[in-house]
Amino acid sequence: MNQPLLRPSLLNQRFLWGSVMVVAVALSIYQAGLFQRDWLNWGGLAQLRQFFQASIQPDLSPEFLHLTFDAAVITLAYAVCGTCLSLLLGLVGGVLTSEVWWQSVFPRQAQQRPIWLTVRAVLAIPRAIHELIWGLFFLNIFGLDPLVAIVAIAIPYGAIVSKVFSEILDETPRQPLMALLNSGVAPLSACSYSLFPQAFLDLLSYSFYRFECSIRSAAVLGIIGAGGLGYQILLSLQSLRYEQLWTLFYALFVLNGTVDFTSAVLRHRLGSPSRLDLNLRRANRSDNRGLDKLRDGHPPPLDGYLTHSGNAAYLILTRGQQRQSGDPWVMLAGVGALLLIPFCFWYVSADFSKLWSPRTVQLLADITQSSLPPNFDREQISQMLALSWQTLTMSVLAIAIAGIGGILLSFPAAHNFFLPGGLLNPVQSSPSGRLLAWGMLLLTRAFLLITRAVPAPIWALVALFVLFPGILPGAIALGLHNLGILGRLMAEVTENLDQRSLIALKAQGTPASLVFLYGVLPTTMTRFLAYILYRWEVCMRETIIVGLVGAGGLGRLLTEQLSSFDYSSVIVTLSGFIVLTFVVDWVSSRMRRSLR
Amino acid sequence: MTSFPVFELRQVSQQFDRFLSLDDVNLQIYPGERVALVGSSGAGKSTLLRLLNGTLLPTQGEVWVLGQNLSRLSSRKLRCVQRQIGTIYQQFHLVDSLRVIHNVNAGHLGRWSFWRAALSLVYPLDVKTAAAALHRVGIPEKLYARTDQLSGGQQQRVAIARVLVQDPLAILADEPVSSLDPTLSKEVMDLLRTLVQESGKTLVTSLHSVELAQNYCDRIVGLRDGKILFDSPPASVSAEMIDALYHLKD
């Protein structure tokens, strides 16, 4: 050790991306005009108070409760039908876009690459367009039919599911598949005996998550007139009947809460606790494999297991046993799903024949015709550039709000953090401290549930009580909604944290604040940032839905053009939006890669 | 020995749900001793180590460390005692996503103020101490590497460097070499022995291999089903005693 090692420069890629983020947020705040002009409308405060006051006296009359129940079932049914169809589409699409499938069909490199790259590129377009735009589009074709909501969920979700399924399939170990293929088994049969069963849990776990999202989308689609809770909420809000509004809100919270809770319990029971392991999946897998190898060589003693992760190790053991013996809860959920799906299809009674009816074909042909040639006039292009900039800043502001809020709230919302025996708490604690910790946990969880259950356009309308129209109310609405989603995802990251390093820090007498700084934060932060960046892509797409209620950006222009059947302009705006989405996706994926 | 014990267990029992991990154990460990805990899986070795470093409080009996009854201490006082005990684990227990320097500096965390610790995460402090510790364990070049890019043997060295920086009176090691191959195991054990011998620290380590225990320790405690079966110097541990240790009840 003659000469000391050089300190690595602080000016690395992470630092660069970090400054890009700070600059982007600052620019967005400037664009929103936060410190330049009046943005707060004091006159709306009374209305806002009325709105919140109504929360303690919801309309509980029998007729209205009946209406609420009916609306809730419709929303649930849309979500169930939409998810089912999207999973079917996604399963086919996922196989067709996976590298591993084409490798087994065409073992020669030269043939397969162009095929799956093309399929992937084609699927990127339906994915880039938000459910709501699909909804408005199909509204013009099918009229007011439940089919609109179902198809509007099925198409973009199908494309998203395809992408994620293909990634899951590609990351599943391939040796068993190759062994079958090499002995001459046909690709589909070989996959059914190796790849599919191997990836099944991951696929199922992701399907649950899609269903959670689907409930939220179904509520949003109600707003454009498809019926259900979203529709009733909009009606009550527009007629200023806040008592009714809150009844509907509570129904929405119960629906969302039940679905999220059931999904979490099932995933836990099935032994796949994390719902989507964005981009860190690969790294983790190889880590686990490494550990397994170590274990094979030198099996650790049972009490060794107990040492490093106390109850977590117990969980793993019991979980394994439950799966072997057939967990009654999982069975129950399976039976429930078998009953629920036909019921939902029967309940919405969508006219699926419309999908291939001559009228639909005719209308599609008409739309195609009227959208060509695209309307590229100079004025529109310059307007579009300005609106694109607005949209971009709105998405950045929204994700800044959601990200910061989500991180702050995720810790009190994680059940292993402040609670006794948690990451930070000492072994013993007083009854009052325990009560406080539990109270905080329930309060933050309720807050997260409320923010994510209420659709973003409704938040935007509420924000418009006290804010002047512009990108700020849109950003706040999107921020609030995504905060609820991110906070929960992040709380789950903390709950599934590898506790070994924390135990080591605690054992050497480190105070809780430093255990957090050196143990919790470094491990969770990369994941948090990955989630935030991923959610930024979603936020970008969702700017459309707050544009619907007048929050500005490309969304507003697009919805105007769609409702006036101006398809030659729609196609231009939509293309612009898709390009913007791709740019955001690219930046996000570059940033996520630099996080690894 | 005239001095009073570093660690003392008085009639300690530890119950996990229905499983009795330790059953009425009495044990005294004096300064400078190198004690090996041997026994089959589930015999209670790891539980005993967790009791000694205060991450687990006994369901019955008393654990005394450095003259303090751990069950009676406030969490602040408990942390003060824990600062004098360094622990090394089978699976290293490092923070994977941090650079090696921060994992080594984590040894300071019992003493550092919050702001000093926070600053060090951005601009590493006390680099000299960390570099010296890494030099001591033989991987000086890894100072700024990311921890998850190191091999198992290197990670265990980082964990030892962390304990060096912590500079405790006693070192506990829970199967420190079970994740390593035989050559590496020998190197790591040599290192551990040299480190404790130089500074007169106390070492308590659980080991899977009786051979390692005999080579590196001056006292062997055999555990079976939560009870101490024998407690003697390596020379007087006979083959029959070992057989009895690993012979499970039918």
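**A sheet in chain B, helices in chain A**

In chain B, four strands form an open sheet in the order E2-E1-E4-E5, with antiparallel pairing. Strand E2 (19–29) and strand E5 (68–69) of chain B are the edge strands, each with a single partner strand, so one side of each has no neighbour in the sheet. Strands here are DSSP runs of E with at least two residues, helices are runs of H or I with at least four residues, and both are numbered from the N terminus; two strands pair if DSSP finds at least two bridges between them. Strand E4 (residues 60–65) of chain B is joined to E5(B) by two bridges, and the two run antiparallel. Within E5(B), B:Gln68 is the residue opposite B:Val65.

This is a predicted model, in which local features need pLDDT of at least 70 and side-chain atom pairs count only at pLDDT 80 or more, while totals for chains, interfaces and linings use all residues. Residues are numbered from 1 along each chain as its sequence is written, chains are lettered from A and ligands numbered from 1 in the order in which they are written, and side-chain values use heavy atoms, leaving out hydrogens and water.

Chain A has 24 helices and zero strands.

Confidence is given by pLDDT, the predictor's score for each residue from 0 to 100. The average for chain A is 80, and 87% of the residues score at least 70. Among the elements of chain A, helix H3 (residues 62–97) has the highest mean pLDDT (91) and helix H13 (residues 281–297) the lowest (33). Over residues 277–324 of chain A, pLDDT stays under 50, and the model has 66 contacts beyond four places in sequence for this stretch.

Helix H11 (residues 229–238) of chain A is mostly covered, with seven of its 10 residues buried. Among them are A:Leu229, A:Ile233 and A:Leu237. The cover over the buried residues of H11(A) includes H3, helix H10 (195–226), helix H12 (242–270) and helix H19 (456–466) of chain A. Just after H11(A), A:Leu240 has a positive phi of about 55°.

Conventions: Contact means heavy atoms within 4.5 Å. Buried means under 20% relative accessible area, exposed over 50%, partly exposed in between (1.4 Å probe, protein chains only).
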